[in-house]
Amino acid sequence: MAAPVTQNLVATFFERAAARGDAPFLWAKRDGAYAAWSWRRVAEAVGALSRGLSALGVAAGDRVVLVSENRPEWVVADLAIMAAGAVTVPAYTTNSRDDHAHILGDSGARAAIVSTEALARPLLAAAGSAPELKLIVALEAMSSDAGPVEIHSWDDVIEKGGAMADDVAEKIAAIAPDDLACFIYTSGTGGRPKGVMLSHRAIAYNVYSATDLLSELDLGDEVFLSFLPLSHSYEHTCGLHLPIALGAQIYYAESIETLSANMAEAQPTIMTCVPRLYEVMRARIMSGVSRAGGIKKSLFEAALRLGRKRYETNQLTLTESLMDRLVDKLVRDKVRRRFGGRMKALVSGGAPLNYDVGMFFLALGLPVYQGYGQTEAAPLISCNRKSVNDIASVGPALAGVEARIAEDGEICVRGDMLMAGYWNDAEATAEALRDGWLHTGDIGHIDDAGCIPVPARKTDINVNSCADNIR
């Protein structure tokens with residue numbers, strides 16, 4: 001199935017912005033309450049920042065490192081970098097000086113954008129060892145010295161770009177689908193971090209596959225709650241470019257400690273999660289149930305028992321069916337309200353989801369769908385869906401993704417979502433991409449229903465529930 005990828009990611013954004021206008025797009029906390037950036041406001045900021053970056057010498061193909069927590073300015077920066085024809089290089093907010101030095105040096109970044117002074121310190125410490133780095137754009141005032149690297153204020157760059165003639169549309173029209181959109185670096189646990197080169201086509205194709213996956217959910221005015229770091233390929237595609245394509249709103253969660261409160265405020269319909277989040281939330285729910293005790297605990301346990309039996313056997317006795325309806329009202333409705341009350345899909349990825357943890361939420365009436373992917377596939381490969389939801393598997397391959405099992409059991413995939421290769425690493429690229437197939441390094445099989453049971457690593461590297469690689 002060929003995806004209708006006829007444009008680039010920035011063109012898609014500006015199309016949606018033109019259609020949505022003053023409707024809310026990005027929500028972030030300000031003075032203790034959520035405040036919205038409209039589609040129009042974001043589009044104007046993207047245009048101004050893009051022109052400002054171009055005026056500072058950022059040219060087509062240049063790499064620009066982006067260091068920021070999830071916030072509306074992250075989105076503006078990502079889109080503006082691409083609108084200038086450049087390549088976004090997201091970096092984790094947890095990066096050390098050495099991490100930044102490797103990414104700046106390996107990518108040959110010409111510029112960097114950083115949000116806070118705290119995040120700027122390790123970046124500035126690494127700037128002296130990055131000869132190609134010429135400028136840094138900072139959202140906050142910086143007191144630290146960057147040596148020969150120029151530091152520019154975000155507001156000044158926006159103001160300068162806003163006063164310039166509008167040539168952004170012409171540059172965007174010149175961006176081909178196969179031009180690079182970003183480098184996303186691997187964790188480096190199994191060696192030096194490698195820059196995964198993802199094109200506009202690869203990410204747009206992944207968005208197309210994800211939209212097909214969600215098409216069974218009666219999509220309308222969707223609301224995403226973004227919690228995972230946007231520097232991760234999973235959130236970058238599913239928590240940013242997918243909502244853009246859907247014309248959806250995005251709320252930014254403050255922290256894991258405030259996540260429950262943020263869910264109640266945002267009332268999201270779709271959320272991407274890693275297994276660790278489910279583990280934490282299950283522990284908190286169970287702690288509350290244990291404290292409550294008595295009849296509340298008994299009803300909760302009945303909801304879990306009956307929900308699990310209904311999922312695993314699809315057979316309840318008449319008495320069980322009546323009890324199931326009762327606990328749906330008395331127990332499950334409360335749990336659903338805890339997640340905002342409108343959740344259509346909680347998509348788990350980045351690491352294997354423990355069966356009992358996934359079953360806990362399914363039994364409580366929450367639509368949890370486990371998926372599988374890799375950064376090298378932009379990153380979605382397979383996922384369960386409303387019509388096929390085997391929580392013991394990572395679902396069938398997504399629309400447009402072809403999967404096969406090699407003779408040694410390795411999962412191999414191909415499709416337009418694949419990376420262009422690893423930056424400056426032809427040997428690793430040749431090892432991962434062979435005859436058009438991505439060799440995932442994971443072992444698995446495809447069952448009679450077309451689903452892929454949870455894969456295992458081919459090597460001794462595993463992925464924990466936080467989506468970190470471990471030995």
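Axes here are lines fitted to C-alpha atoms, for helices over the stretch in contact, with angles running from 0 to 180 degrees between N-to-C directions. You're looking at a predicted model, where local features need pLDDT of at least 70, side-chain atom pairs count only at pLDDT 80 or more, and totals for chains, interfaces and linings use all residues. Residues are numbered from 1 along each chain as its sequence is written, and side-chain values use heavy atoms, leaving out hydrogens and water.

Start by selecting α1 and helix α9 (residues 233–246): their axes come within 8 Å and cross at roughly 45 degrees. Helices, like strands, are DSSP runs numbered from the N terminus (H or I, at least four residues; strands E, at least two). The pair is therefore oblique, the term for whatever is left after roughly parallel (under 35 degrees), roughly antiparallel (over 145) and roughly perpendicular (65 to 115). Show Leu-9, Thr-12, Phe-13 and Arg-16 of α1 with His-241, Ile-244 and Ala-245 of α9 to see the contact, meaning heavy atoms within 4.5 Å.

On the α1 side, pick Phe-13, Phe-14, Arg-16, Ala-17 and Arg-20; on α2, pick Trp-39, Val-42, Ala-43, Val-46 and Gly-47.

Last stop: Gly-350, in the loop between β13 (345–348) and α14 (355–363). At 36% relative accessibility it counts as partly exposed, that is, between buried (under 20% relative accessible area) and exposed (over 50%), using a 1.4 Å probe and protein chains only.
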